[in-house]
Amino acid sequence: MTPQAPAAAERYWLQIISQMGGDVAMHLSAVQTQLEQLGPSLPPAPELQKLQTRLARVRQIGMLGQQLARMAAGEVHQVPEEVSLTNVLREVLAQQKARAALRGVELHRAMHPATVLLDPSLLHGFVQQLTDWALAQSQDRLDIRLEMRDWPPQARLQLTASHPQPWDEPQASDQLLAWCLIEQMARTQHLRLERVERPDVTQVVIGFPQTLSPDTAFGVGDDDAEHLSSAFALSQASRPLAGSHWLVIAGQRDVRAEVREALRASGMLVDFVGNLQEAEDFCRDSMPHGILFEAILGEERVERLRHRLSARAPQLVWVEIAAEGLYAQPAEPGQGRPARVGRDALSERLTALLESEYTRHL
């Protein structure tokens with residue numbers, strides 16, 4: 001059963017809200033860029049930091065509103081595939097480690113192997129959004145547990161955010177919107193979602209009816225997950241990119257379209273930005289697995305961005321898109337050169353190149 005499509009009038013207003021959210025996010029991103037460029041003429045650092053924090057929050061609200069409207073309008077095209085839920089969860093949590101440490105939140109997990117039949121990109125986005133929200137609820141500890149019910153086989157994901165002191169203030173609007181988006185994403189994927197509020201704990205339980213029969217019969221504890229990560233290989237050896245997250249920096253609309261078409265069947269989660277500053281802003285909130293960029297952006301400017309981002313994420317994959325050519329070249333780490341692909345080879349060779357570079361960095 002598919003979610004009921006919204007009526008014409010409802011779809012119209014959802015599109016308006018989506019456009020408003022996109023405009024808010026775009027203009028606030030431009031304001032943040034201008035603030036950074038003004039430098040010495042700005043107020044003292046503490047006041048500037050407060051201003052940038054507020055701008056970032058409003059920008060986040062705009063982006064959440066845009067995503068929520070798009071989801072509610074039924075504009076998400078799903079292609080269900082066999083995906084390792086355990087692997088997706090493990091990758092997202094690896095990205096969340098630094099954020100949890102910065103907030104002083106202990107991250108504990110116990111994961112059982114589980115394979116589901118869902119759209120890889122939407123599943124990855126859902127898990128990312130869910131863990132983002134859960135971390136925001138946590139004051140000192142976040143417990144994440146992935147279990148398997150025997151019959152019928154069903155994965156069950158439980159997140160418990162501990163806050164020893166009861167919340168005295170209502171949730172901020174960005175957190176309320178984030179939860180609405182989680183509910184809508186769960187509804188779109190036909191997942192069972194339950195939320196329980198207690199004085200010192202917020203708990204969310206998600207059931208996955210589309211779970212496939214388990215391939216293995218052992219569990220992974222909190223501290224053993226990294227040592228046994230080889231047991232959580234991607235469920236489809238022929239689709240190693242499924243569920244991975246990539247950022248494309250391309251100012252030309254036709255280049256974006258060609259990359260999007262080349263990666264359509266890969267199961268990747270792909271975001272697009274138009275320039276290097278937007279890429280750096282994007283990576284402050286969410287570090288992807290790899291970045292594709294146009295060669296015309298400038299070698300020196302790209303190299304400075306690579307240096308800054310690689311300091312935070314050494315395994316980040318970089319791929320340069322040349323203006324023309326039928327070649328695809330792997331990276332040369334010893335020479336400091338990223339992988340390269342000619343624009344004329346995007347449709348036939350881009351996916352294979354990304355698979356090679358991505359699996360080499362796992």
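In strand E9, Leu269 is the bridge partner of His245. Helices (H or I, at least four residues) and strands (E, at least two) are DSSP runs, numbered from the N terminus. Strand E8 (residues 245-249) runs parallel to E9, and 5 bridges join the two. Strands count as paired if DSSP finds at least two bridges between them.

The model is predicted: local features need pLDDT of at least 70, side-chain atom pairs count only at pLDDT 80 or more, and totals for chains, interfaces and linings use all residues. Residues are numbered from 1 along each chain as its sequence is written, and side-chain values use heavy atoms, with hydrogens and water left out.

E8 and E9 belong to an open sheet of 6 strands. The strand order is E9-E8-E10-E11-E13-E12, with mixed pairing. Strand E9 (269-273) and strand E12 (328-329) stand at the edges. Each has a single partner strand, so one side of each is left without a neighbour in the sheet.

Across the protein, the secondary structure comes to 9 helices and 13 strands. Of the 362 residues, 46% count as buried. Buried means under 20% relative accessible area, exposed over 50%, and partly exposed in between (1.4 Å probe, protein chains only). The protein exposes about 19100 Å², of which carbon and sulfur atoms supply 52%. These areas come from the Shrake-Rupley method with a 1.4 Å probe; for residues, only the protein chains shown count as cover. Among contacts with a separation of 6 or more, 75% join residues 24 or more positions apart. Contact means heavy atoms within 4.5 Å.

Strand E4 (residues 141-149) has two contrasting faces. In a regular strand the side chains alternate between the two faces of the sheet. The covered face of E4 holds Leu142, Ile144, Leu146 and Met148. The uncovered face holds Arg141, Asp143, Arg145, Glu147 and Arg149. Strand E2 (residues 106-111) pairs with E4 in the parallel sense over 6 bridges. Here Met111 stands opposite Leu146 of E4. Strand E5 (residues 154-162) runs antiparallel to E4, and 9 bridges join them. Arg156 in E5 is the bridge partner of Glu147.

In helix H6 (residues 253-262), the buried residues are Val255, Val259 and Ala262. Seen down the axis of H6, they fall within an arc of 65°, so they line one face of the helix. The arc is that of the directions from the helix axis to the C-beta atoms.

Aromatic pairs number 3. Rings of Phe, Tyr and Trp (its six-membered ring) pair if their centres lie within 6.5 Å; planes under 30 degrees apart count as stacked, over 60 as edge-to-face and the rest as tilted. The ring centres of Trp133 and Trp179 lie 4.7 Å apart with planes at 40°, so this pair is tilted. Trp133 lies in helix H4 (residues 120-137) and Trp179 in helix H5 (residues 173-188), so the pair ties together parts that are 46 residues apart in sequence. Trp133 is buried at 3% relative accessibility, and Trp179 is buried at 10%. Phe293 and Trp318 have ring centres 6.1 Å apart and planes at 65°, so they form an edge-to-face pair. This pair links Phe293 in strand E10 (residues 290-294) to Trp318 in strand E11 (residues 317-322), 25 residues apart. Both Phe293 and Trp318 are buried.

Charges also sit over rings. The criterion is NZ of Lys or CZ of Arg within 6 Å of the ring centre and within 35 degrees of the ring normal. Arg195 lies over the face of Trp179, 4.7 Å from the ring centre. The charged end of Arg260 sits over the ring of Phe272, at 4.5 Å from its centre.
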